[in-house]
Amino acid sequence: GKKSDQKMRKSTVSYRSANLLPREPEISELKIFVDRKYETVILPVYGMPVPYHISMIKNISQSVEGDYTYLRINFFHPGSNIGRTEGSFSNPEAIFVKEVTYRSANTKVPGELSAPSSNLNTAFRLIKEVQKKFKMREAEEKEKED
Amino acid sequence: MKDETAVLEYGDVTIEARGTMVGGRLKLSEQGISFRNSKTGKVESVSASDIEVINWQRLAGGYGLRIFTENGSLYRFGGFKESEQSKLEKFFKNTYSKTMSEKEFSVKGWNFGAAKFDGAVLSFDVSSMPAFEIPLNHVSGCTTGKNEVTLEFHQHDDASVNLMEMRFHIPASELA
């Protein structure tokens with residue numbers, strides 16, 4: 001057969017235990033937090049800060065429409081990438097979170113220093129940054145293997 | 001006869017409401033649990049006999065109390081300190097004869113797992129541990145496409161970051 005076992009995408013783990021989760025104000029405030037150390041994006045889902053390792057994220061996009069900013073995060077899932085074979089997913093029969101979209105207002109609440117959407121702007125910038133570093137390292141490691 | 005410890009009050013805790021943690025006062029008594037929203041004065045109460053499951057869990061930036069009722073509703077109260085776990089555990093044991101177990105959530109950071117429905121709650125489990133829970137009353141719409149399901153959520157300006165939409169990839173085997 002093929003050397004598919006070796007080619008299989010490793011599922012990197014964000015945190016080995018919940019104690020390692022960062023304790024940042026953004027997390028208490030149910031905002032998005034990008035943990036550069038653990039290369040993980042922490043997304044708020046109805047009270048829960050939910051980590052996603054950067055290797056799960058395919059791409060992100062941001063848009064401003066009227067009074068709101070939107071941040072959309074697309075994740076890798078079977079069928080998401082031409083050229084990436086189904087075998088590269090360790091768990092192709094699972095249900096995948098494919099995409100999440102967040103919305104924040106561009107208008108400042110009186111007394112606040114910045115508009116709620118500044119959290120999405122920061123998240124967009126930091127996710128791009130962490131993703132770039134991660135991809136560079138992945139490419140370097142691949143080069144060493146070949 | 002119950003002694004005076006059969007009432008617990010927390011003056012500065014929160015409730016998860018529409019994607020934000022709202023401050024208020026929580027009272028736990030023999031009759032049940034009531035939460036008074038400190039801004040609106042609105043009271044949410046759950047009678048003791050309606051409670052099915054009581055959990056201690058990680059919530060927002062700290063710890064919280066998770067109450068799941070017989071009719072399938074989910075209540076999460078946050079702003080608790082780790083040190084309050086044993087006192088609450090004793091209270092529920094003595095007053096409701098219920099065990100407050102710790103509910104662990106996945107921190108693996110994976111986007112793949114299994115979706116499970118229990119009452120009015122969707123739980124997305126990664127390696128048999130929930131990664132998040134969605135109370136279905138937050139869902140405003142649901143559409144299905146080829147190998148996918150999209151959930152749209154009610155928007156509330158009281159939450160500074162709103163979850164708008166979540167799209168799931170459903171494998172062909174699940175659709176059969």
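Student: Which residue in E7(B) is the bridge partner of Ile15(B)?

Tutor: Phe77(B) is the partner of Ile15(B). Bear in mind that this is a predicted model.

Student: Noted. How do the two strands run there, E1 and E7 of chain B?

Tutor: They run antiparallel, and two bridges join them. E1(B) covers residues 8-17 and E7(B) covers residues 74-80.

Student: What sheet do they sit in?

Tutor: An open sheet of eight strands in chain B, in the order E4-E3-E2-E1-E7-E6-E5-E8. The pairing in that sheet is mixed.

Student: Which strands stand at the edges?

Tutor: E4 (43-47) and E8 (100-103) of chain B. Each has a single partner strand, so one side of each has no neighbour in the sheet.

Student: And what does the twist average?

Tutor: It averages 30° from one strand to the next.

Student: How many residues lie between E3(B) and E4(B)?

Tutor: Five, again in a hairpin. Gly41(B) sits in the turn and has a positive phi of about 80°. Five bridges join E3(B) to E4(B), and the strands run antiparallel.

Student: Switching to chain A. What is the strand order in its open sheet?

Tutor: E1-E2-E3, three strands with antiparallel pairing. E1 (33-35) and E3 (48-53) of chain A are the edge strands, each pairing on one side only. Neighbouring strands are turned by 30° against each other on average, with direction ignored.

Student: How many bridges are there between E2(A) and E3(A)?

Tutor: Six, in the antiparallel sense, with E2(A) spanning residues 40-45. One of the pairs is Val45(A) with Met48(A) in E3(A).

Student: Which helix packs on that sheet?

Tutor: H3 of chain A, residues 118-145. The helix touches E1, E2 and E3 of chain A, and its direction makes about 20° with that of E1(A).

Student: OK, now the interface. How many residues are in contact between the two chains?

Tutor: 47 residues of chain B are in contact with 50 residues of chain A. Between them the chains bury about 4,200 Å², with 60% of it on carbon and sulfur atoms.

Student: How many salt bridges are there between chain B and chain A?

Tutor: Three. Over all chains, the count comes to 15 salt bridges.

Student: Which side chains meet in one of those between the chains?

Tutor: Glu99(A) and Arg167(B), at 3.9 Å from N to O. The pair crosses from strand E6 of chain A to strand E14 of chain B.

Student: Why can side chains like that pair?

Tutor: Side chains of opposite charge can pair when their charged atoms come close.

Student: How many residue pairs are in polar contact between the chains?

Tutor: 19, counting pairs in which both residues are at pLDDT 80 or more.

Student: Which elements of chain B give two or more residues to the side that touches chain A?

Tutor: Strands E2 (20-28), E5 (51-59), E9 (112-118), E11 (129-135), E13 (148-153) and E14 (162-169), plus helix H2 (172-175). E14(B) gives the most, with eight residues.

Student: How does that side of chain B split by class?

Tutor: 21 nonpolar, 15 polar and eleven charged residues.

Student: Last one: which strand of chain A do bridges join to E9(B)?

Tutor: E6(A), residues 95-105, joined to E9(B) by two bridges with the strands antiparallel. One of the pairs is Ile95(A) with Gly113(B). Strand E6 of chain A also carries Glu99(A), the partner of Arg167(B) in strand E14 of chain B.

Definitions and conventions:
Residues are numbered from 1 along each chain as its sequence is written. Chains are lettered from A and ligands numbered from 1 in the order in which they are written. This is a predicted model: local features need pLDDT of at least 70, side-chain atom pairs count only at pLDDT 80 or more; totals for chains, interfaces and linings use all residues. Side-chain values use heavy atoms; hydrogens and water are left out. Contact means heavy atoms within 4.5 Å. Buried area is the accessible area (1.4 Å probe) that two parts lose on being put together, summed over both. A salt bridge is a side-chain nitrogen of Lys or Arg within 4 Å of a carboxyl oxygen of Asp or Glu. A polar contact is a pair of N or O atoms within 3.5 Å; within protein, one must be able to donate a hydrogen and the other to accept it, and residues adjacent in sequence count only if both atoms are side-chain atoms. Helices (H or I, at least four residues) and strands (E, at least two) are DSSP runs, numbered from the N terminus. Ala, Val, Leu, Ile, Met, Phe, Trp, Tyr, Cys and Pro count as nonpolar, Asp, Glu, Lys and Arg as charged, and the others, Gly among them, as polar. Two strands pair if DSSP finds at least two bridges between them. Axes are lines fitted to C-alpha atoms, for helices over the stretch in contact, and angles run from 0 to 180 degrees between N-to-C directions.
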